[in-house]
Amino acid sequence: MTAQSDTRTPIVIIGGGATGAMVAWHILRLRPDLGRHGVTIIEPREQLGAGQAYGTHDTQHRINVPASRMSLQTAKPCDFRDWLDLDALAAVDPDAFLPSGDLYPSRALFGRYLAARLAPYLETGRLRHLRGTAEDVTQEGKDWKIAVSEGRSLLARRLVLATTHPAPSLPAPLAPLAQEPRIIGNPWRDDALSRIAPQDRVAIIGTGLTMADIVASLTARGHSGEILAFSRRGLRPRAHAPQASALSDILRLIPSTTALGLLQRIRSALREHADLSWHEIIDAVRKQGRGLWGALNEVERRRLIRHLRPFWDVHRFRIAPQVDHILQTRLNEGRLTLGAARLLSAEATADGIVLTLKTRGGAEETRVVDHVVNTTGPNHAGIVRHTPYLRALAAAGLLEADPVGLGLHTGADHHARVGTRSIPDLLIAGPLSRGQFGELMGLPEVTENAQSVASAIASLVPQTPHVFSDEVRS
C-alpha cells in the first residue's frame with residue numbers, strides 16, 4: 001500500500017486501552033471547544049477501552065476489585081456498577097454476585113463500559129479512532145509525526161503515550177524453546193490455552209494474578225490434570241477481606257527516606273491495628289502510595305523493588321473471591337501445587353517438556369510436563385527495546401527507560417524526561433509512569449492518573465485553538 005499524505009490533529013494518544021480511553025474522555029470533557037478530530041486514538045483493536053486487561057473474551061477473567069470501586073472518574077466511583085444491567089448480568093453470570101452484595105463481573109464488561117462512555121464522542125467526530133499500530137514517531141518542527149501501519153501517517157501537536165502492557169519475556173532457560181508449541185510464552189493471547197487437553201500436565205512460571213486467571217480458565221474448560229505453579233518465592237495472590245472498615249481512609253503513615261524504614265512503619269501499623277484485617281493497612285499504603293514513594297531516592301526505590309515488591313504485589317493485587325475459591329479447591333484436591341523454585345533448564349522431548357528446578361531449600365528436582373505457561377508479568381523494563389516506535393524516540397534522544405526499571409522516565413508533570421531534560425508536548429500516561437508515581441497498576445490509581453494527564457495536556461492547548469483539519473498537506 002502506498003503511503004498516504006499526513007493529516008494533522010491537536011492531540012494524539014497512542015494506545016486505546018483503559019488508560020488511553022480515560023485520558024481521551026477527560027480531555028474531551030475538559031475541552032468542549034476542541035472541534036472535529038480534536039483527539040485521535042491510535043489503537044489496533046476494534047473496541048476502544050478494552051486493551052490488554054479488558055479485551056479478554058474469557059468470562060473467568062474477572063475484575064479484581066468490586067464493581068462499586070471501578071470507574072473512569074474519581075468523582076463517581078460507582079459509575080461502572082450504575083452502568084451495568086444487573087438483571088441481564090444475573091441471567092448470564094449469576095456467579096458475579098456475592099452474598100455480601102459485592103459484584104465481580106468479567107473484565108470484558110468493564111471494557112464495554114469504557115467503550116460506551118466514549119461512543120458519543122466518536123459519533124460526533126470529536127474523537128477519532130484510527131485502527132492500526134504506531135510503527136515510528138519522529139519530530140517535525142514542533143509537531144510529532146506518527147507512522148501508522150498500512151502506510152498511514154499523521155501529525156500531532158501533542159502526543160500522549162498510553163501503550164499497552166508489554167508481553168512477558170521468556171525466562172532465559174526457555175529462550176531456546178521459544179518456537180516450541182508446548183511453550184506458551186504470551187498467556188494473554190485469546191488462543192493461548194487451546195492446545196491444552198483436559199488431562200495434560202501443566203507448569204506455570206509465576207504465581208501472581210495471571211497464574212490465577214490461567215488456573216480459572218483451565219478449570220472452566222474442564223481441565224483436571226496436574227498443575228504446578230512456581231516462582232522464586234512461591235507467593236500467591238491474596239483474596240479480599242470479607243468486610244472492610246474505614247481505617248484505610250483515616251490511617252496516616254509517615255513517609256520514610258529508606259525502604260527499610262517504610263517497611264518498619266507498615267509493620268508497626270499492622271501490630272497497632274492487629275484487631276483489624278491487614279487489608280486495611282495495605283489499602284492505606286496504596287492510597288498514600290505517591291507520597292510514600294516520592295520520599296525515597298532512586299537507590300531506595302531500587303532496594304524496595306528488589307526486596308519487597310513480590311510481597312507487596314500479592315497483598316496489594318488481590319483476586320476476585322470466585323477465582324480464589326477455584327484456586328483453593330484445586331489446592332485442596334491436589335490438582336494444583338504452588339512452589340518456591342527457580343527454573344534452571346528446560347528440554348523438549350517426545351515425552352514432554354523436562355524442567356529442572358532448584359527449590360527454595362536448595363534441592364534440585366526434575367518435572368516433566370505437557371505444557372509450560374509463562375506468567376512472569378509484563379516486561380516493563382524492556383519495553384523501549386521491544387517497541388519499535390519507543391526505540392526510535394529513544395534513539396533520537398527524546399525518551400528513555402526510567403531509572404528503576406518500571407517503564408518510561410516521566411516527570412511529575414507527566415512529560416517524558418531524558419536525564420533532567422523535560423520533553424515538551426510528549427506525555428506518558430498509565431502504568432508506564434510508575435517509576436515517577438509509584439503505585440499505578442490498580443484501576444483507581446490509573447483513573448486518577450488519567451485525569452491528571454488529561455488536565456495537563458488540556459492546559460497546553462490554547463483556548464482559541466488553531467483549526468486542525470483533515471486536509472492533505474501540500
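Buried means under 20% relative accessible area, exposed over 50%, and partly exposed in between, with a 1.4 Å probe and protein chains only. The model is predicted: local features need pLDDT of at least 70, side-chain atom pairs count only at pLDDT 80 or more, and totals for chains, interfaces and linings use all residues. Residues are numbered from 1 along each chain as its sequence is written, and side-chain values use heavy atoms, with hydrogens and water left out.

**Exercise 1. Helix α8**

Find which residues of α8 are buried and which exposed residues sit on the face turned away from them.

Solution. 
- Step 1: Helices (H or I, at least four residues) and strands (E, at least two) are DSSP runs numbered from the N terminus. Helix α8 covers residues 259-272.
- Step 2: The expected span of a helix is 1.5 Å times one less than its number of residues. The 14 residues of α8 should therefore span 20 Å, and the end C-alpha atoms are 20 Å apart, which agrees.
- Step 3: A259, G261, L262, I266 and A269 are the buried residues of α8. They lie on the same side of α8, because they cover an arc of only 165° around the axis; the arc is that of the directions from the helix axis to the C-beta atoms.
- Step 4: An α-helix has 3.6 residues a turn, so residues three or four places apart point the same way.
- Step 5: L260, R271 and E272 are exposed on the face turned away from the buried side of α8.
- Step 6: The packing partners of the buried residues of α8 are α9 (278-287), α10 (289-294) and α11 (298-316).

**Exercise 2. Helix α12**

Describe the length of α12 and the partners of its buried residues.

Solution. 
- Step 1: Helix α12, residues 321-333, has 13 residues and reaches 18 Å from its first C-alpha to its last, close to the expected 18 Å.
- Step 2: Its buried residues are Q322, V323, D324, I326, L327 and R330.
- Step 3: These pack against α6 (209-220), β9 (227-231) and β10 (336-349).
- Step 4: G334 follows α12 and has a positive phi, near 80°.

**Exercise 3. The largest cavity**

What lines the largest cavity, and which helix gives the most to that lining?

Solution. 
- Step 1: On a 1 Å grid over the protein atoms alone, a cavity is a set of points where a 1.4 Å probe fits but cannot get out; lining residues have an atom within 4 Å of a point.
- Step 2: The volume of the largest cavity is about 40 Å³, taken as the space filled by probe spheres set on the points, which are joined across faces, edges and corners.
- Step 3: The lining consists of Q60, R62, N64, L209, A212, D213, I319, A320 and V323.
- Step 4: α6 gives the most to this lining, with 3 residues.

Note on methods
Contact = heavy atoms within 4.5 Å. 1 Å grid on protein atoms, 1.4 Å probe; cavity = no way out; pocket = protein on both sides within 12 Å on 5 of 7 lines; lining within 4 Å.
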